[in-house]
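User: I should like to learn how to read the strands, helices and aromatic rings of a protein model. Could you please guide me through an example?

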Amino acid sequence: MTLGSSASSPPVAAVVTVGDELLYGETLNTNGSWLGEQLSRVGLAVHRRMVVRDVREDSQAAVASSLEIGEVVVVTGGLGPTPDDLTRDAVASLLGVPLVEDPSLLQHLTARFQARGYDTIPEQGRRMALVPKNGEVLPNPLGAAPGIVFHCSKEGLCILLPGVPKEMKGIFSQGVEPLLRERYSQRLEEVLHRVVNTHGVPESILMDEIRGLFPGDANDISLAFLPDEVGVRLRFSTRQSQGADVASKKLDDLEKLLSPVLDRYRYEAASGDLAEAVGGALHGAGETLAVAESCTGGLISK
């Protein structure tokens, strides 16, 4: 087993996204956010997210350090045919696993090129048919480069996915999620989140007021303060190890305990939008609102 995990605890996961464009700010790292959310939803404990350059040594260092703290490392980016697509070779070299050409995958890639009017697949394109010996190939339903699974130890996995978001999501949904659910079926614990929206109180003051009521024995419930331009969202989280009903009751009890503070600042809106809260309050009270505006182009009415 690796550090940060045990035979009964949820598998610890890390996400590594590869790409200079992510570091330079040219492209938002939506892949990292989406993967973190999906891995948590499946029931893994995500302990790390990293962004690295399109450099062999950087990818190796990120994967090596992630495998020290977790069992599942998901890497996205760098699997295409161009010279800067180094992830496949870098991880194979790091793990000491030879890459071999997969005949069926090569046939699939060749057919894709021929369907686009090319007689043969370019030599660089053949690189996408290289897969780890004794590894697994996850078909790409929306593109060329497949997902690749390296078996790092008895329990550990290193999963490589393309960087194109729609391809990455397609492979995850059809290949990665079923693989994780089967492999770690006895250890997955989905997380139940509850969000309370507050307005009109600074984060530091809200934290101090809640701290005085938060029970010392609520170690299995985590609390995150998420400030934005509207206010502060409080996110309570707990794992469903004893079932969804038990987890939900834990959050109910804690929310009731904190109600002397929360009720002074909270507003009800699933989206977190104050306009939704005002609309809901008006609807619940059976009231209507009339607006006369001249210089706002109808924004208040909207």
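Analyst: Let us begin with a term: two strands are said to pair if DSSP finds at least two bridges between them. Please keep in mind that this is a predicted model. Here strand β1 and strand β3 (residues 72-76) run parallel and are joined by five bridges. In β3, Val75 is the bridge partner of Val16.

User: Which strand pairs with β1 over seven bridges?

Analyst: In general, the strands of a sheet pair through backbone hydrogen bonds, either parallel or antiparallel. In this case the partner is strand β2 (residues 45-52), and the pairing is parallel. Within β2, Arg48 stands opposite Ala14.

User: Which way do the side chains of β1 point?

Analyst: In a regular strand, side chains alternate between the two faces of the sheet. Accordingly, Val12, Ala14, Val16 and Val18 point one way from β1, while Ala13, Val15 and Thr17 point the other way. Seven of the seven residues of β1 (residues 12-18) are buried, so the strand is largely enclosed by the rest of the structure.

User: What is the order of the strands in the open sheet?

Analyst: The six strands follow the order β2-β1-β3-β8-β7-β6, with mixed pairing. Its edge strands, β2 and β6 (136-138), each pair on one side only. From one strand to the next, the twist averages 20 degrees. Helix α3 (residues 56-69) packs on this sheet and touches β1, β2, β3 and β8. The direction of α3 makes about 170 degrees with that of β2.

User: How many aromatic pairs does the structure hold, and how is such a pair described?

Analyst: A pair of aromatic rings is described by the distance of the centres and the angle of the planes. The structure holds two such pairs. For Trp34 and Phe172, the ring centres are 5.4 Å apart and the planes lie at 80 degrees; an angle over 60 counts as edge-to-face, so this pair is edge-to-face. The pair links distant parts of the chain, with Trp34 in helix α2 (residues 30-42) and Phe172 in helix α6 (residues 165-183), 138 residues apart.

User: Is Trp34 buried or exposed?

Analyst: Trp34 counts as buried, at 16% relative accessibility. Phe172 is also buried, with a relative accessible area of 0%.

User: What span should the 12 residues of helix α10 have?

Analyst: At 1.5 Å a residue, α10 (residues 274-285) should span 16 Å, and its end C-alpha atoms are 17 Å apart, which agrees. At the start of α10, a side-chain oxygen of Asp273 comes within 2.9 Å of the backbone nitrogen of Ala275. After α10 comes Gly286, with a positive phi near 70 degrees.

Notes. Residues are numbered from 1 along each chain as its sequence is written. Side-chain values use heavy atoms; hydrogens and water are left out. Helices (H or I, at least four residues) and strands (E, at least two) are DSSP runs, numbered from the N terminus. The expected span of a helix is 1.5 Å times one less than its number of residues. A polar contact is a pair of N or O atoms within 3.5 Å; within protein, one must be able to donate a hydrogen and the other to accept it, and residues adjacent in sequence count only if both atoms are side-chain atoms. Buried means under 20% relative accessible area, exposed over 50%, partly exposed in between (1.4 Å probe, protein chains only). Rings of Phe, Tyr and Trp (its six-membered ring) pair if their centres lie within 6.5 Å; planes under 30 degrees apart count as stacked, over 60 as edge-to-face and the rest as tilted. Axes are lines fitted to C-alpha atoms, for helices over the stretch in contact, and angles run from 0 to 180 degrees between N-to-C directions. Contact means heavy atoms within 4.5 Å.
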